Amino acid sequence: MDHALAVGTLVVHLAWIVWVILGWTLTRGRRVLGWLHVGSLAYSIFIEIVPLPCALTLAEAYFERRAGITPYPQP
């Protein structure tokens, strides 16, 4: 079960990255999506500047440890 949660968290993490990079293509003419994308982009920039780990990275490492997989040592 923990392995499936680790993989699921990885998939969500990858989807987040794709959303941040390519989300602008879906927001044209959609105000709510536009503001969600701007907020996602601002959060992503903030988490890269401030020396805090991403919440998805922490969750992914937690589930990997519980599944017996050695997590990647760096964020």
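The model is predicted, so local features need pLDDT of at least 70 and side-chain atom pairs count only at pLDDT 80 or more, while totals for chains, interfaces and linings use all residues. Residues are numbered from 1 along each chain as its sequence is written, and side-chain values use heavy atoms, with hydrogens and water left out.

**Stop 1: helix H1**

Select residues 2–22, which make up H1. Helices here are DSSP runs (H or I, at least four residues), numbered from the N terminus. H1 has 21 residues. From first C-alpha to last, H1 reaches 30 Å, close to the 30 Å expected at 1.5 Å a residue. That expected span is 1.5 Å times one less than the number of residues.

Now colour H1 by burial. Buried means under 20% relative accessible area, exposed over 50%, and partly exposed in between (1.4 Å probe, protein chains only). Asp2, Ala6, Thr9, His13, Trp19 and Val20 are the buried residues of H1. They cover an arc of only 145 degrees around the axis, which puts them on the same side of H1. The arc is taken from the directions from the helix axis to the C-beta atoms. An α-helix has 3.6 residues a turn, so residues three or four places apart point the same way.

Show what covers the buried residues: it includes helix H2 (24–27), helix H3 (31–49) and H4. Then look at the other side of H1, where Ala4, Val11 and Ile21 are exposed.

**Stop 2: the nonpolar patch**

Select Leu10, Leu14, Ile17, Val18, Ile21, Leu22 and Trp24. Together they form a nonpolar surface patch with about 660 Å² of accessible area. Areas come from the Shrake-Rupley method with a 1.4 Å probe; for residues, only the protein chains shown count as cover. Patch members have over 30% relative accessible area and no salt bridge, and nonpolar side chains (Val, Leu, Ile, Met, Phe, Trp, Tyr) are joined within 5 Å. H1 gives the largest share, six residues.

Click on two members. Isoleucine 21 is exposed, with a relative accessible area of 54%. Valine 18 counts as partly exposed, at 49% relative accessibility.

**Stop 3: helix H4**

Select residues 55–66. The twelve residues of H4 should span 16 Å at 1.5 Å a residue; the end C-alpha atoms are 17 Å apart, which agrees. Glu60, Ala61, Phe63 and Glu64 are buried in H4. Seen down the axis, the buried residues of H4 fall within an arc of 165 degrees, so they line one face of the helix.

Step just past H4 to glycine 68, which takes a positive phi of about 85 degrees.

For a distance check, pick valine 18 and arginine 65. They are 47 residues apart in sequence and 25 Å apart in space, C-alpha to C-alpha.

**Stop 4: the salt bridge**

Which side chain meets that of aspartate 2 in a salt bridge? Arginine 66 does, at 3.3 Å, N to O. The pair links distant parts of the chain: aspartate 2 lies in H1 and arginine 66 in H4, 64 residues apart. A salt bridge is a side-chain nitrogen of Lys or Arg within 4 Å of a carboxyl oxygen of Asp or Glu. By this rule the count comes to one.

Stay on aspartate 2. Is aspartate 2 buried or exposed? Aspartate 2 is buried, because its relative accessible area is 18%. Beyond neighbours within four places in sequence, aspartate 2 is in contact (heavy atoms within 4.5 Å) with Phe63, Arg66 and Ala67.

Key
Helices (H or I, at least four residues) and strands (E, at least two) are DSSP runs, numbered from the N terminus. Patches are made of residues with over 30% relative accessible area and no salt bridge: like charges are joined within 9 Å, nonpolar side chains (Val, Leu, Ile, Met, Phe, Trp, Tyr) within 5 Å.
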